[in-house]
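I opened this entry to note what I looked up in the chain.

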Amino acid sequence: MEFQSCFDIIGPIMVGPSSSHTAGVVSIGKFVYELLEGCPEEAEIIFYDSFAETYQGHGTDKALLGGLIGLDTDDSQIKHAIELTREYGLSYKFQFEDSCPYYEHPNTTVVTAKRGDLVVKVGGVSLGGGLSKIFMINDESFDIRLSTSDDFSILAARYRPYVMREAIVGAV
């Protein structure tokens, strides 16, 4: 069971409209931000299934970009994340796919991000109630539960050894 208390189901304090399409997605982006120890310069974002269909209407695009630039789930700037990416120097592109080859869930994304010579590919799924899970780092399977109340800098520090140097993996 992914939920540990009734507050996991009720959801976090967040910028909406949806805990599964925004709050959980901010957490995935923020995890990538912390893995790279700062805002990536480039990101390739693949939205699958439900995310691919409703990303603009539910703010999933803004949520993920907000997390990638270091915003928290309750930061009102999330609604301006697309514009803020220019200020933060983040260049990004979105791709949309029907189903994810790595993980079966309707709220799935895979982000490949580059900062300096560091590159990381992270698969995440938003479970609802602001909870999400990292299921992949650089094609290696993981089961990292993320809650909006977690300290992502501490959590991500454990997984920094999985971040690769660009010379090893090539450009994003």
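I looked up the contacts first (heavy atoms within 4.5 Å). Of the contacts with a separation of 6 or more, 67% are between residues 24 or more positions apart. The model is predicted, so I noted that local features need pLDDT of at least 70, side-chain atom pairs count only at pLDDT 80 or more, and totals for chains, interfaces and linings use all residues. Residues are numbered from 1 along each chain as its sequence is written, and side-chain values use heavy atoms, without hydrogens and water.

Next I read the secondary structure, taken as DSSP runs numbered from the N terminus (helices: H or I, at least four residues; strands: E, at least two). I found seven helices and seven strands, in the order α-α-β-α-α-α-β-β-β-β-β-α-β-α.

I then checked burial (buried: under 20% relative accessible area; exposed: over 50%; partly exposed: in between; 1.4 Å probe, protein chains only). Of the 172 residues in the chain, 51% are buried.

Which loop holds Asn 138? I found Asn 138 between strand S5 (131–137) and strand S6 (140–146), and Asp 139 lies in the loop between S5 and S6 as well. Phi of Asn 138 is near 50 degrees, and Asp 139 has a positive phi of about 65 degrees. I noted both because most residues other than glycine have a negative phi. Asn 138 counts as buried at 18% relative accessibility, whereas Asp 139 counts as exposed at 53%.

Last, I looked up Asp 49, which sits in helix H3 (residues 49–54). Asp 49 is partly exposed, at a relative accessible area of 31%.
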